[in-house]
Amino acid sequence: MNHFAFGFTRLESPEDDIQTKLLDELSKATTKIRMIIYGFTLEPLVDMLIKQHIAGIDVRCILDLTQSKGVTERVQVQKLKDAGIDFIEGTSPVAGQIIHEKAIAIDDKQLITGSYNFSASAAKQINHMDFIYSRELATDFNDIFDQLYIQVKAEGHLI
């Protein structure tokens, strides 16, 4: 069993303002942001990622192929592309299924994850988002991100 030192905040929608907390935490990034996401239509999030990228933060994303082709999501994906943000769209390397993760690591110190999709409608639904302040968990997620990024590219499960 691993024991990690961390701080933790859980927010629940629709009661809590998850979007504002998410954007606030992303604005504090100093070196890198890594995101793996299934549904991705939240325009303020896209704008924040672009802002951080322009500010010199290393932003990389893995997007689910099926969702990234949706009408609303395509617009947001194009904004990432136009801004020069490094991202891939793909499927699960093992079975070619969806990438259903909803998580962001900030620097090597924070992991944000939960059932909350990065969409405008998520704030109206019953969802949660955990803001976990842990170097160990953030580093672990970043390692998983790097491995998945390589696997998705190598196995050809992308556009």
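Trainee: How many bridges join β5 to strand β6, and do they run parallel or antiparallel?

Mentor: Four bridges join β5 to β6 (residues 110-114), and the two run antiparallel. Two strands pair if DSSP finds at least two bridges between them, so four is enough. In β6, Q110 is the bridge partner of I106. Bear in mind that this is a predicted model, in which local features need pLDDT of at least 70, side-chain atom pairs count only at pLDDT 80 or more, and totals for chains, interfaces and linings use all residues. Residues are numbered from 1 along each chain as its sequence is written, and side-chain values use heavy atoms, leaving out hydrogens and water.

Trainee: What joins β5 to strand β2?

Mentor: Five bridges do, and β2 (residues 32-37) and β5 run antiparallel. I36 stands opposite A103 in β5. Strands here are DSSP runs of E, at least two residues long; helices are runs of H or I, at least four, and both are numbered from the N terminus.

Trainee: Why is E25 called buried?

Mentor: Buried means under 20% relative accessible area, exposed over 50%, and partly exposed in between (1.4 Å probe, protein chains only). E25 has a relative accessible area of 4%, so the residue is buried. E25 is found in helix α1.

Trainee: What does the side chain of E25 make with the side chain of Q110?

Mentor: The two side chains make a polar contact at 3.1 Å. The term covers a pair of N or O atoms within 3.5 Å; within protein, one must be able to donate a hydrogen and the other to accept it, and residues adjacent in sequence count only if both atoms are side-chain atoms.

Trainee: How do you know how β5 is covered?

Mentor: Five of the five residues in β5 (residues 102-106) are buried. On one side these are K102, I104 and I106, and on the other A103 and A105.

Trainee: What makes α1 roughly parallel to α2?

Mentor: The axes of α1 (residues 18-27) and α2 (residues 43-54) come within 10 Å and cross at roughly 5°. Angles under 35 degrees count as roughly parallel, over 145 as roughly antiparallel, 65 to 115 as roughly perpendicular and the rest as oblique. Therefore α1 is roughly parallel to α2. Axes are lines fitted to C-alpha atoms, for helices over the stretch in contact, with angles from 0 to 180 degrees between N-to-C directions.

Trainee: Which residues of α1 meet α2?

Mentor: Q19, L22, L23, L26 and S27 do, facing P44, L45, M48 and Q52. Contact means heavy atoms within 4.5 Å.
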